[in-house]
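This report describes one protein chain for a reader who is new to such models. Please look over the sequence and the fold before reading on.

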Amino acid sequence: MRQRLARNEFTLGFPPERELIEQYAVSRHTMREAMRRLHSEGLINRERGRGTFLRNQPIEQRTGALYSLFRSIEEQGFEQRNDVLALEKRTAVDVAARLGLSGRTKFVYLKRLRYADATPIAIDQLWLPAAVATPLLSVDFRRTAVYTELEQRCGVRPGAGWERLHPVLPTGDERALLGTTAKEPAFLVERFTSHEGRPLEWRRTVIRGDLYTFLSAWTDTGEQLERPSFTPTAPTS
């Protein structure tokens with residue numbers, strides 16, 4: 001069944017258990033054990049009253065270099081779009097402190113709900129010093145990338161930075177936007193970038209843990225790889 005899943009044979013719906021038992025000529029116990037393993041590996045969902053259906057495959061993000069969620073979504077075959085929840089100039093004392101700037105510093109603040117196809121996947125907030133980023137206030141960010149617009153309109157691009165990941169339980173407001181339950185965890189990604197030694201960006205992104213995965217590939221020489229030569233799967237239990 002793994003091979004058939006890999007060939008996308010079940011895109012129109014997963015066959016009922018009885019049909020699979022007949023196709024593979026196995027007992028109900030054997031089939032249920034196979035289904036349990038597919039579920040534990042994250043390939044299918046099984047819900048009482050709804051049956052068995054394919055689980056959305058997570059978007060894979062390689063780490064180790066500056067990346068764009070916009071590009072990551074589109075490169076993996078999904079349509080990327082955003083709901084722009086806020087785009088304005090404002091002060092943010094806590095962000096200014098993180099960036100080592102005056103509390104009176106004005107920022108361009110952008111908040112978006114980000115989608116892969118029709119599925120909400122992330123709540124993205126970022127703060128950019130208004131002295132650099134004011135031209136972005138006129139941009140329609142529903143289908144464009146921040147770094148593209150920042151380079152084209154403001155003449156700057158992140159030259160260095162860091163990123164930190166935390167597991168979190170989203171707040172009630174965040175769950176309402178993402179369409180998740182109180183028990184579903186998410187990634188909180190904090191990002192700092194700079195340009196020519198000056199603070200450029202503070203970003204806070206809450207990403208659904210069931211639809212997103214981070215991948216870091218390396219060798220024993222310390223060299224980073226773009227991706228491993230095989231696709232890791234969740235362990236069976």
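Among contacts between residues at least 6 apart in sequence, 54% join residues at least 24 apart; a contact here means heavy atoms within 4.5 Å. The model is a predicted one, in which local features need pLDDT of at least 70 and side-chain atom pairs count only at pLDDT 80 or more, while totals for chains, interfaces and linings use all residues. Residues are numbered from 1 along each chain as its sequence is written, and side-chain values use heavy atoms, with hydrogens and water left out.

**Overall make-up**

The secondary structure consists of eight helices and twelve strands. Helices (H or I, at least four residues) and strands (E, at least two) are DSSP runs numbered from the N terminus. The chain has 237 residues, of which 38% are buried. Buried means under 20% relative accessible area, exposed means over 50%, and partly exposed lies in between, with a 1.4 Å probe and protein chains only. The accessible surface is about 14000 Å², and carbon and sulfur atoms account for 49% of it. These areas come from the Shrake-Rupley method with a 1.4 Å probe, and for residues only the protein chains shown count as cover.

**Confidence**

The predictor gives each residue a confidence, pLDDT, from 0 to 100. Its mean over the chain is 83, and 75% of the residues reach 70 or more. Confidence is highest in α6, at 98, and lowest in strand β12 (residues 224–225), at a mean of 52. Over residues 227–237 pLDDT stays under 50, and the model has 13 contacts beyond four places in sequence for this stretch.

**Strand pairing**

Two strands count as paired if DSSP finds at least two bridges between them.

| Strands | Sense | Bridges |
|---|---|---|
| β4 and β5 | antiparallel | eleven bridges |
| β5 and β6 | antiparallel | ten bridges |
| β6 and β9 | antiparallel | six bridges |
| β8 and β9 | antiparallel | ten bridges |

Single bridges can be found by residue. L87 has L110 of β5 as its bridge partner, and Y115 is partnered by P120 of β6. A122 stands opposite I207 in β9, and R191 is partnered by R203 of β9.

Two of these pairs form hairpins. The hairpin of β5 and β6 has two residues between the strands, and D117 takes a positive phi near 55° there. The hairpin of β8 and β9 also has two residues between the strands, and there E196 takes a positive phi near 50°.

Nine of the eleven residues of β5 are buried, and in β9 eight of eleven are buried.

S194 is found in strand β8. This residue counts as buried because its relative accessibility is 11%. Leaving aside residues up to four places away in sequence, S194 touches R157, P158, G159, A160, P199 and L200.

Which residues of helix α7 are buried? In this helix (residues 146–154) they are V146, Y147, E149, L150 and C154. Seen down the axis of α7, the buried residues fall within an arc of 160°, so they line one face of the helix. The arc is that of the directions from the helix axis to the C-beta atoms. The buried residues of α7 pack against β5, β6, α6, β8 and β9. After α7 comes G155, with a positive phi near 75°.

In helix α2 (residues 17–24), E17, L20 and I21 are buried. They cover an arc of only 105° around the axis, which puts them on the same side of α2. R18 and E22 are exposed on the other side of α2.

An α-helix has 3.6 residues a turn, so residues three or four places apart point the same way.

**The nonpolar core**

A nonpolar core is a set of buried Ala, Val, Leu, Ile, Met, Phe, Trp, Tyr and Cys residues joined through side-chain atoms within 4.5 Å. The largest one has 15 residues, and those with the most contacts inside it are L128, A133, L136, F141, V146 and L150. At least two residues of this core come from each of β5, β6, α6 and α7. Helix α7 gives the most, with four residues.

F141 touches N82, V84, L87, L110, R112, L136, V146 and E149, not counting residues up to four places away in sequence.
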